[in-house]
Amino acid sequence: MDTDNVKIGSGRKILLIVGGGIAAYKVLDLIRRLREVGHEVRCVLTAGGAEFVTPLSLAALSGNKIYKDLFDPTDEHEMGHIQLSRWADLLLVAPATADLIAKMTMGLAGDLATAMLLATNKSVVIAPAMNVRMWEHPATVANIATLRSRGIKVIGPEEGDMACGEYGFGRMSEPSVILAAIAQHFQLSGRLHGRRALVTSGPTWEPIDPVRAIVNRSSGRQGHAIATALASAGVTTTLVTGPTALRDPQGLEVIHVETARDMLAACIIARDRGPILDIAVCAAAVADWRIDDVAPQKLKKGNRGPPQLKLTENPDILENLSQQGNRRPRLVIGFAAETEDLIRAAQEKRYRKGCDWIIANDVSASANKGRGTFGGDLNTVHFITATTTEAWPMASKDSVALRLVDRIAETFGVSHDQHP
Ligand code: C5P
């Protein structure tokens, strides 16, 4: 845990919603740690949560009374549920059970916890905990994607042995990890207010004929996570994305494109229509080549054998945006997805394309403990500038995004107009 990070952004008001799962025991330690770094904590205990921890232990550790009932006349008189959710700087749901997550997605408000989650206009962070099959069920996967697209931060879950005897993803993150993520959240929020950013994400599709295309395996998760993190740091963000299965993140502008040429055109329009961009992040996996002449009708199998596809090089968006000139964004960041000789290839790419920073990620099948990078949740990257190369530990794509935005904020904090 980065203790410096934890100290920054302390002294906030945190409303902790305790869901009904065995991981609830960990919130006792979490409350203690949150208070240790100066946060004030009030707890809402769900009916399920009360099966695992007692109101008395939460009250003793938080130093505040516990809220349980939506229709409690005394509570409503003292501090109603709307006021309570307004009081908080942040709502933290831990453990976030599959049931609570589903209710949040649906916008249900049948008890105090869900009513507050629906009524709040504050940031919401959830730390899921459940059986691995529940976590991997398509319903939960879709619910989490929806919550993420609404700007809700998801911490974990982690992989490991579960209370039910199974093994896999589903363990609630440790209090130290939740604490660090909260610190990072407060550290970021509003820090880049007034800045403008452009992010490219996802693959591009290059048509062969009306039904076929050249595509690549990018899911867009890393680029979308960066755009979301920038927006939560107060940046006015435009996300230009190729086709992905992801929902559009909220709180930012999303432009959908298919081909590399469309992506470049959209980027140039977004770049040129306002003040100079502060940040451009090219996370898209742009197809290097397109078909020279796209067939107007579907190509047919015939006795002349397979068609010979003639390829033409696509424009390089990162290189275009990096070109010196009076519209160059102040900070241009590229990605280098490599399967071998990662660092050397990325350093060379940074220099050749003229960007300021490059994030090198190993996309070989063995990366991320054999779980790969494409489509997955994890990323192991190197952060490369003209003068430094740093190995960042394997982390979720959301964490990599937060860390990158933290770096960006540091850079702009030093001097607004200084070239990084
Ligand atoms: O050359 P390579 O594709 O490995 O470079 C990767 C970096 O360049 C990424 O940041 C990617 O978004 C960007 N790129 C681009 N336009 C291209 C090809 C790559 O913006 N046509």
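Angles under 35 degrees count as roughly parallel, over 145 as roughly antiparallel, 65 to 115 as roughly perpendicular, and the rest as oblique. The model is predicted: local features need pLDDT of at least 70, side-chain atom pairs count only at pLDDT 80 or more, and totals for chains, interfaces and linings use all residues. Residues are numbered from 1 along each chain as its sequence is written, and side-chain values use heavy atoms, with hydrogens and water left out.

**Exercise 1. Classify the packing of H2 against H10, then list the residues in contact.**

Step 1. Locate the elements. Helices (H or I, at least four residues) and strands (E, at least two) are DSSP runs, numbered from the N terminus. H10 covers residues 175-188.

Step 2. Take the geometry. Axes are lines fitted to C-alpha atoms, for helices over the stretch in contact, and angles run from 0 to 180 degrees between N-to-C directions. The axes of H2 and H10 come within 9 Å and cross at roughly 45 degrees. H2 and H10 are therefore oblique to each other.

Step 3. A crossing is left-handed if the near helix is turned anticlockwise from the far one by less than a right angle, and right-handed if clockwise. H2 and H10 cross in the right-handed sense.

Step 4. List the contact (heavy atoms within 4.5 Å). H2 supplies Lys26, Asp29, Leu30, Arg33 and Leu34, and H10 supplies Pro175, Ser176, Ile178, Leu179 and Ile182.

Step 5. Sort by class. Ala, Val, Leu, Ile, Met, Phe, Trp, Tyr, Cys and Pro count as nonpolar, Asp, Glu, Lys and Arg as charged, and the others, Gly among them, as polar. The contact of H2 with H10 has 6 nonpolar, 1 polar and 3 charged residues.

**Exercise 2. Describe how H6 packs on H9.**

Step 1. H6 is residues 98-106, and H9 is residues 138-149. The axes come within 9 Å, at a crossing of roughly 55 degrees. H6 and H9 are therefore oblique to each other.

Step 2. H6 passes H9 with a left-handed crossing.

Step 3. From H6, Ile101, Ala102, Met104 and Thr105 meet Asn143, Ile144, Thr146 and Leu147 of H9. This H6 and H9 contact holds 5 nonpolar, 3 polar and no charged residues.

**Exercise 3. Find the backbone atoms that lie 2.6 Å or 2.8 Å from the ligand.**

Step 1. Survey the surroundings (a heavy atom within 4 Å). Residues around the ligand include Cys282, Ala284, Asp288, Pro315, Phe335 and Lys353.

Step 2. Pick out the polar contacts (N or O pairs within 3.5 Å). A polar backbone atom of cysteine 282 is 2.6 Å from a ligand oxygen. A polar backbone atom of alanine 284 is also 2.6 Å from a ligand oxygen. A backbone N or O atom of proline 315 lies 2.8 Å from a ligand nitrogen.

Methods: Polar contact = N/O pair within 3.5 Å; in protein donor to acceptor, adjacent residues only side chain to side chain.
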